[in-house]
Amino acid sequence: MAPRSSLLTFLVCAALLPLLFEAADAQGLCVGFYKKTCPKAETIVRETVAGFVAKDATVSAPLLRLHFHDCFVRGCDGSVLLNSTKGHLAEKDATPNLSLDGFDVIDTVKAAVETACPGVVSCADIVALVARDGVVLNNGPSWQVETGRRDGRVSLASEAVANVPSPFTEIGELKAIFARKGLSDKDLAALSGRIPHHRNAHCNAFSKRLYNFTGKGDRDPSLSPRDETSTVEMDPGSAVRFDTSYYARVVDRKGLFRSDATLLQDKVTRDLVYQYTGSTSDFFHDFGVSMIKMGRIGVLTGARGEIRKHCAHVNA
């Protein structure tokens with residue numbers, strides 16, 4: 001019996017190994033990771049982002065979305081920032097990421113931090129920090145950003161397609177996608193208030209709901225009949241103001257994407273949508289908690305990964 005028992009133990013441990021690595025990695029993060037190695041790092045990041053926001057307040061939303069798209073593919077490792085190379089299509093050039101923006105902000109922040117502390121602060125941490133700072137500068141909530149991530153060296157467009165939720169995703173699939181990342185239904189509802197949506201939607205992301213929902217020239221019955229014209233701006237005014245207007249639009253059945261409307265089809269997410277509509281403080285609190293959780297997904301710490309010199313390229 002001993003050999004069989006040993007084999008069973010081995011198989012169980014092998015199955016748990018990836019989860020143990022992820023837990024250990026997340027424990028390698030801490031608030032103030034650069035306090036000794038680059039004490040001004042977070043100040044440099046905040047001041048650089050503030051300079052961009054002062055010129056154009058709409059840059060905050062793309063920075064937040066970058067963080068989401070990074071963490072949902074290979075974890076929060078900065079892989080979304082890598083450029084494609086000859087014969088190799090990177091995440092940023094995958095269909096779900098073609099509307100991503102804010103790469104110039106990341107590059108500017110990285111250059112400023114490199115000047116102060118060469119080879120110390122990772123691009124993955126910069127993405128997490130600028131996401132928070134952009135939200136705060138748009139009068140949104142603040143949260144403590146854990147740092148200590150290292151940068152990944154792999155970026156595959158196919159993985160972005162497989163892991164980033166599409167505008168057509170239904171509630172069951174959305175919940176499953178978030179669960180695979182260690183996020184709850186509450187995290188799904190809270191994060192949906194600002195991400196993964198982007199300010200300006202491509203028409204093909206919602207035209208089916210208006211004109212051919214089931215393939216018979218009909219409209220999505222969950223869409224408000226009062227909306228006879230399509231609004232390209234997803235949530236008017238939200239690009240420069242962090243608030244709960246998204247939830248009010250979902251309750252009014254004016255959510256642009258199917259992935260918005262479907263939040264009302266599950267009791268947990270529906271109740272939270274109504275709760276956030278009536279309580280900005282509840283939304284701000286839960287959003288901050290969910291951002292901390294999201295920032296821990298699949299991180300590389302310790303000797304794993306690298307600290308890139310340039311965020312768009314792996315080190316030689």
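This is a predicted model: local features need pLDDT of at least 70, side-chain atom pairs count only at pLDDT 80 or more; totals for chains, interfaces and linings use all residues.
Which residues in α2 meet which residues in α4?

**Entry 1: two helices**

I looked up the contact first. On the α2 side I found Ala41, Ile44, Val45, Thr48, Val49 and Phe52, and on the α4 side they meet Asp104, Val105, Thr108, Val109, Ala112, Val113 and Ala116. Sorting the contact of α2 with α4 by class, I got 10 nonpolar, two polar and one charged residues.

Next I wanted the geometry. Two packed helices are described by the angle between their axes and the distance between the axes. Helix α2 covers residues 41-55 and helix α4 covers residues 103-116; their axes come within 9 Å and cross at roughly 145°. I noted the crossing of α2 and α4 as right-handed.

**Entry 2: salt bridges**

Side chains of opposite charge can pair when their charged atoms come close. I counted 13 salt bridges here. One of them joins the side chains of Glu42 and Arg132, at 3.6 Å from N to O. I checked where the partners sit: Glu42 is in helix α2, while Arg132 is in helix α5 (residues 123-137), so to speak a link between distant parts of the chain, 90 residues apart.

**Entry 3: rings**

For aromatic pairs my tally was 14. I followed ring pairs through a cluster made of Trp143, Phe242, Tyr246, Tyr247, Tyr276, Phe283, Phe284 and Phe287.

Then I asked what sits over the ring of Phe242. It's the charged end of Arg194, 4.5 Å from the ring's centre. Phe242 also belongs to the cluster above. I jotted down another such case: the charged end of Lys92 sits over the ring of Phe103, 4.3 Å from its centre.

Notes: Residues are numbered from 1 along each chain as its sequence is written. Side-chain values use heavy atoms; hydrogens and water are left out. Rings of Phe, Tyr and Trp (its six-membered ring) pair if their centres lie within 6.5 Å; planes under 30 degrees apart count as stacked, over 60 as edge-to-face and the rest as tilted. A charge sits over a ring if NZ of Lys or CZ of Arg is within 6 Å of the ring centre and within 35 degrees of the ring normal. Axes are lines fitted to C-alpha atoms, for helices over the stretch in contact, and angles run from 0 to 180 degrees between N-to-C directions. Helices (H or I, at least four residues) and strands (E, at least two) are DSSP runs, numbered from the N terminus. A crossing is left-handed if the near helix is turned anticlockwise from the far one by less than a right angle, and right-handed if clockwise. Contact means heavy atoms within 4.5 Å. Ala, Val, Leu, Ile, Met, Phe, Trp, Tyr, Cys and Pro count as nonpolar, Asp, Glu, Lys and Arg as charged, and the others, Gly among them, as polar. A salt bridge is a side-chain nitrogen of Lys or Arg within 4 Å of a carboxyl oxygen of Asp or Glu.
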